[in-house]
Amino acid sequence: MGISQYIKEIGRGARGAKPLAREQALDLFGQVLDGTVTDLELGAFCLAMRIKGETPEEMAGFLDATHARLNRIPPGSRALVVLPSYNGARKLPVLTPLLALLLTREGLPVLVHGSASETSRVLASNVLAELGVAPMTAIGPIANGQAAFAPTELLNPALKRLLDVRRVVGLRNPGHSVVKLMQPGAGACVVVASYTHPEYARTMGETFELTGMTALLSRGLEGEVVSDPRRTAQIDGFVGGVRTELQAQQPGTTAEVPGLPKEIDVATTADYTRRVLAGELPVPEAIATQVRHITQLASHA
């Protein structure tokens with residue numbers, strides 16, 4: 001055992017590194033999650049992949065290993081909508097909780113999962129707690145029309161440890177990509193994914209195609225999966241891995257979003273969310289569109 005043979009392939013720099021086959025990536029990442037590699041090997045893997053970048057085949061293998069080891073949410077009668085939340089708010093309010101609660105109004109079960117990767121940001125989990133959605137303490141079913149928040153360590157403690165490597169070396173690693181694409185439900189799921197850099201859009205889209213997942217992919221708000229209310233982004237949908245363009249990107253940015261607060265603290269964001277849900281403020285059109293597309297994908301999952 002050990003992953004040194006894989007490190008030799010991926011660790012030869014941006015030009016000399018060779019991509020791994022899906023089966024190799026599955027074996028490598030499985031050993032990482034099982035904790036059978038040394039700290040030195042783990043660090044070498046994280047740094048080598050950071051320099052090389054993940055291919056869709058590698059991401060598919062990493063996901064295969066992850067899905068085999070997740071504590072999964074039991075299936076229900078409707079597709080589970082999965083909202084990864086690992087970035088939080090830096091300049092604009094974190095609107096992932098609003099997206100989650102709008103989706104519950106469509107009768108969908110919604111799972112938000114995440115952990116703190118940026119200590120200075122306002123997290124969706126904190127806003128959800130302010131709105132009465134406390135973190136799950138054990139894996140269990142999520143009812144139709146219910147939103148739940150699962151800390152990453154509840155789904156897989158090894159994934160949380162891998163994410164925490166960033167606190168030591170200061171760089172992201174494949175774990176940060178895996179948590180944004182993984183399918184934590186044992187039944188039908190719609191994984192809502194986003195990218196901040198356009199080069200990741202191709203890799204993420206091809207990964208969904210390879211794995212046959214049902215998902216929605218678009219550019220998100222500060223790394224969160226919720227649509228930026230100031231823009232009309234391209235949105236792609238995947239049903240069983242088959243891609244469809246749901247919305248074309250439009251140029252331009254709206255200067256003002258009606259009712260959107262300038263403050264990003266937990267209390268202000270929670271109050272804005274409550275007022276939108278109560279009909280006192282309008283639902284941002286970009287988010288309303290996102291809700292419609294996710295609901296449609298859920299009906300085909």
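A pocket is an open set of grid points where a 1.4 Å probe fits, with protein on both sides within 12 Å along at least five of seven lines, and its lining residues are those that have an atom within 4 Å of a point. The model described here is a predicted one.

With that definition in hand, the second largest pocket can be described as lined by 20 residues, of which Pro 229, Arg 230, Arg 231, Thr 232 and Ala 286 lie nearest its centre. Helix 13, which covers residues 285–300, provides the largest share of this lining, namely 3 residues.

The largest pocket has 44 lining residues, and those closest to its centre are Asn 87, Tyr 195, Thr 196, His 197 and Gly 223. Several elements, namely helix 9 (157–169), helix 10 (174–181), strand 4 (189–195), helix 11 (198–211) and strand 5 (215–221), each supply at least two residues of the lining of the largest pocket, and helix 10 gives the most, with 5 residues. The table sets out the volumes and the residue classes of the two linings.

| Pocket | Volume | Lining by class |
|---|---|---|
| Largest pocket | about 1,100 Å³ | 14 nonpolar, 16 polar and 14 charged residues |
| Second largest pocket | about 240 Å³ | 7 nonpolar, 8 polar and 5 charged residues |

Strand 5, which contributes to the lining of the largest pocket, also takes part in a hairpin with strand 6, in which 2 residues stand between the two strands and Glu 222 in the turn has a positive phi of about 55 degrees. The two strands pair in the antiparallel sense over 2 bridges, and Gly 220 has Ser 227 of strand 6 as its bridge partner.

The buried residues of helix 4 are Glu 41, Leu 42, Phe 45, Cys 46, Ala 48, Met 49 and Lys 52, and they pack against helix 1 (4–10), helix 3 (22–34), helix 5 (56–67), helix 9 and helix 10. After helix 4 comes Gly 53, which has a positive phi near 85 degrees.

Conventions
Residues numbered from 1 in each chain as written. Predicted model: local features only at pLDDT ≥ 70, side-chain atom pairs only at ≥ 80, totals over all residues. Heavy atoms only, no water. 1 Å grid on protein atoms, 1.4 Å probe; cavity = no way out; pocket = protein on both sides within 12 Å on 5 of 7 lines; lining within 4 Å. Points joined across faces, edges and corners; volume = space filled by probe spheres on them. Helix = DSSP H or I, 4+ residues; strand = E, 2+ residues; numbered from the N terminus. Nonpolar A, V, L, I, M, F, W, Y, C, P; charged D, E, K, R; others polar. Pairing = 2+ DSSP bridges. Buried < 20%, exposed > 50% of the residue type's maximum accessible area, 1.4 Å probe, protein only. Contact = heavy atoms within 4.5 Å.
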